[in-house]
Amino acid sequence: MHLSRNIYKVSNKFKIKSAFNTRIISASTDASNTQLQEVIEIPKRIHRSPTDILYALAATVGRDPTAAHYKYHDDPYLIPTSNITKRIYAMAQEAGRKAAQWIKEEHRDLFMHQEAQPPIKAFAPKLIFTENSEVTQQTLEELIKHFEINDAVLVYNLMEQKGIEISSETKQSLLELVSFYNNEEPLPDDLYEERTFRQVNELRERNRNTWKDGDLAEQLFNEIEPKTGKAYAALIRGMAKYFQAERAYALLQDALEKQLPIDTATFNSIIRVVKLLKETADLRWELCKDLLQQMNQLQLKPDLGTLNALLECISTFGNFKLARHSALQVLSECKQLDITPSLGTYYYVLIIFCRERGPTSHVIVDILNEIGEQEFKIQCPEDVYFFATAMDVCRNHLNDRSLAEKVDKLLHIGKNYDLIGDTQREIVYYRHYFALLCQTSTIDEFMRMYDLLVPNAYIPEPGIMDGILKMVEMHGAIDLLPRLWSDIIIFDHVSRESLLLRLLKIMMENKPDIKVRSQEQLPQLFAKIALDIYSKVEENKRLSFTGDMVGDIICLLIRGENFEKANEIFKNVDKNQHAIPGTPSEHCIQEYIEACIANKAPSEALVCLEYAVENQIDCTHLAKLIHKGFTLNEVHLSKMKSLVGDGFLKELK
């Protein structure tokens with residue numbers, strides 16, 4: 001549909017008028033002859049990127065949530081079915097890419113040919129620079145252009161040693177590059193997954209000063225003469241990015257005293273580290289206002305970066321009233337300046353107003369009304385935090401399903417799904433959404449969403465799986481348990497003892513009605529699940545049996561008419577009772593004895609009675625069952641007499 005619309009627009013661009021909308025034909029008739037005149041107006045060229053046709057084709061199909069992510073191979077054996085395998089498969093693919101790059105560099109003699117025209121630089125081995133390499137300023141500029149920091153630093157040092165003159169503009173470009181990356185080689189663009197997991201580790205070290213003091217960036221800054229506003233800006237932004245806050249702020253004041261031109265982005269970088277410069281909320285807010293006053297004196301207009309930097313600083317205020325008042329003031333003034341908020345702006349508003357220990361706020365309602373059905377583009381790094389945070393607010397702050405559905409609808413408008421962030425944030429988003437649906441929706445509504453998103457878009461964690469089992473128990477939908485058990489195995493949750501106990505409890509307390517057609521096969525299926533659980537616990541050294549667990553497994557096997565396996569498990573319990581904490585419940589012991597009676601196994605029943613006596617379980621009722629259910633011989637009577645006493649048998653007679 002979108003493709004045909006685009007084609008129609010393109011055809012209209014060519015103003016070719018006729019009955020068939022293909023060309024202009026103006027016909028003029030004269031008494032002597034008929035003259036046809038064609039007038040074709042060629043429109044101005046519209047720049048198209050190499051992938052525009054692919055985007056147009058993709059728009060006609062839409063996103064398929066039931067398909068695996070494109071980064072995984074479309075093969076049943078290579079599509080991950082757990083969060084661990086998702087990470088392993090994605091990283092393995094990038095590891096293969098890195099191995100290919102290593103081979104290309106180690107055996108560069110095999111890749112010197114260039115068959116593609118024009119040549120593809122990415123396929124050619126990188127140039128290797130040594131102390132004997134002939135380098136020029138153009139070489140350095142080319143390396144800076146391609147963000148090759150290590151080689152750029154090496155070439156710069158070679159030029160310094162050989163006395164080759166380097167222009168101030170080139171030094172400024174190198175200063176900006178080194179300051180931005182803190183003199184560390186960035187990861188290649190195609191290693192997306194590794195970059196994502198590295199960022200997760202960096203978040204754990206948030207606000208820790210990692211700036212390299214006295215390194216090349218500061219050396220370059222000292223060499224640039226005369227000092228310019230751009231040189232100060234590059235170093236200040238680099239220091240602020242890596243949380244060398246005090247020195248960055250001192251450099252800013254030094255530049256202002258020298259009346260050097262400083263741009264808005266540099267002020268924004270300082271505002272972001274105000275939280276490291278001042279301890280209390282009042283002092284932080286005063287410093288922010290001072291910086292804004294300095295911007296005003298320099299006639300610098302705040303932009304979206306200023307708005308988000310201010311809100312980030314305000315979000316660190318412990319004083320809720322001051323944070324709320326300051327945020328509203330900033331939003332009001334930025335609206336007067338025609339600054340359009342981004343999703344990152346709304347993210348900061350949410351974390352300011354919807355605090356865990358603060359009063360309940362419905363600011364998300366106003367945000368969603370303001371946004372409507374708008375399609376967003378990435379404008380700042382914090383934009384990818386919005387959807388996960390908004391769903392968190394819907395679940396934990398308001399517990400409102402209708403708002404969650406509005407957030408989910410917004411996510412799937414246009415290309416907004418690109419702003420959900422990396423794999424980890426996508427997991428967090430759906431974790432909150434599923435947990436909220438478990439609490440507020442019917443079982444049919446929930447399972448429709450479950451079928452749509454699991455396992456390709458989202459794999460429920462053990463906590464969410466436990467909530468799903470509770471929901472199934474509450475709605476009495478025990479026919480779903482076999483499928484959920486299969487998913488627990490596939491998702492690699494079988495090592496979670498709480499899930500196994502929850503599943504056994506539900507199957508024990510919700511006995512299937514075999515008269516109902518949908519539940520006819522459930523006793524046998526439950527018995528198979530119980531046997532699977534028994535096998536998994538035996539195989540997994542991290543799990544251990546308990547008396548209640550084994551009792552439930554035996555009962556379920558008996559209900560599924562698998563007495564032989566139930567008897568085998570009970571013998572194992574009796575043999576290793578010193579290693580199994582607790583005992584099966586009296587109800588389970590009774591069910592086992594009743595099964596022994598039904599299967600005419602008096603010896604097994606007496607073994608069970610002995611187990612009950614040894615573990616101080618009330619055996620009066622059990623002994624009566626055995627005596628009534630069997631015709632005991634002398635050996636059995638003698639055994640029973642030794643367990644319950646001669647007087648008890650006389651009472652039964």
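## A buried ion pair: Arg425 and Asp422

In this predicted model, Arg425 and Asp422 are joined by a salt bridge, and their closest N and O atoms lie 3.1 Å apart. Both partners are buried: this holds for Arg425 and also for Asp422. Each residue therefore has a relative accessible area under 20%.

Side chains of opposite charge can pair when their charged atoms come close.

## Salt bridges between separate parts of the chain

Asp213 and Arg247 form a salt bridge through their side chains, with an N to O distance of 2.7 Å. Asp213 belongs to the loop between helix H7 (192-204) and helix H8 (216-223), whereas Arg247 belongs to helix H10 (residues 245-257), so the pair ties together parts that are 34 residues apart in sequence. Asp213 is partly exposed, its relative accessible area being 46%. Arg247 is likewise partly exposed, with a value of 32%.

A salt bridge also connects the side chains of Lys639 and Glu610, at 3.1 Å from N to O. This pair links distant parts of the chain, 29 residues apart: Lys639 sits in helix H31 (residues 634-644) and Glu610 in helix H29 (residues 602-614). Lys639 has a relative accessible area of 32% and counts as partly exposed. Glu610 is partly exposed as well, at 25%.

## Packing of helices H19 and H20

Helix H19 (residues 401-411) packs against helix H20 (residues 423-440) at an angle of about 145 degrees, and the two axes are 10 Å apart. The crossing of these helices is left-handed. Arg425, described above for its salt bridge with Asp422, falls within the residue range of H20.

On the H19 side, the contact involves Arg401, Ala404, Glu405, Val407, Asp408 and Leu411. These residues meet Tyr429, Tyr430, Tyr433, Leu436, Leu437 and Thr440 of H20.

## A nonpolar surface patch

Ile53, Leu54 and Leu57 make up a nonpolar patch on the surface, and together they have about 290 Å² of accessible area. Leu57, one of these residues, is located in helix H2 (residues 52-61). With a relative accessibility of 41%, Leu57 is classed as partly exposed.

Conventions:
Residues numbered from 1 in each chain as written. Predicted model: local features only at pLDDT ≥ 70, side-chain atom pairs only at ≥ 80, totals over all residues. Heavy atoms only, no water. Salt bridge = Lys/Arg side-chain N within 4 Å of Asp/Glu carboxyl O. Helix = DSSP H or I, 4+ residues; strand = E, 2+ residues; numbered from the N terminus. Buried < 20%, exposed > 50% of the residue type's maximum accessible area, 1.4 Å probe, protein only. Patch = residues over 30% accessible without salt bridge, like charges linked within 9 Å, V, L, I, M, F, W, Y side chains within 5 Å. Areas by Shrake-Rupley, 256 points an atom, 1.4 Å probe, with all protein chains shown as cover. Axes fitted to C-alpha atoms, helices over the stretch in contact; angles between N-to-C directions. Left-handed = near helix turned anticlockwise from the far one by under 90°. Contact = heavy atoms within 4.5 Å.
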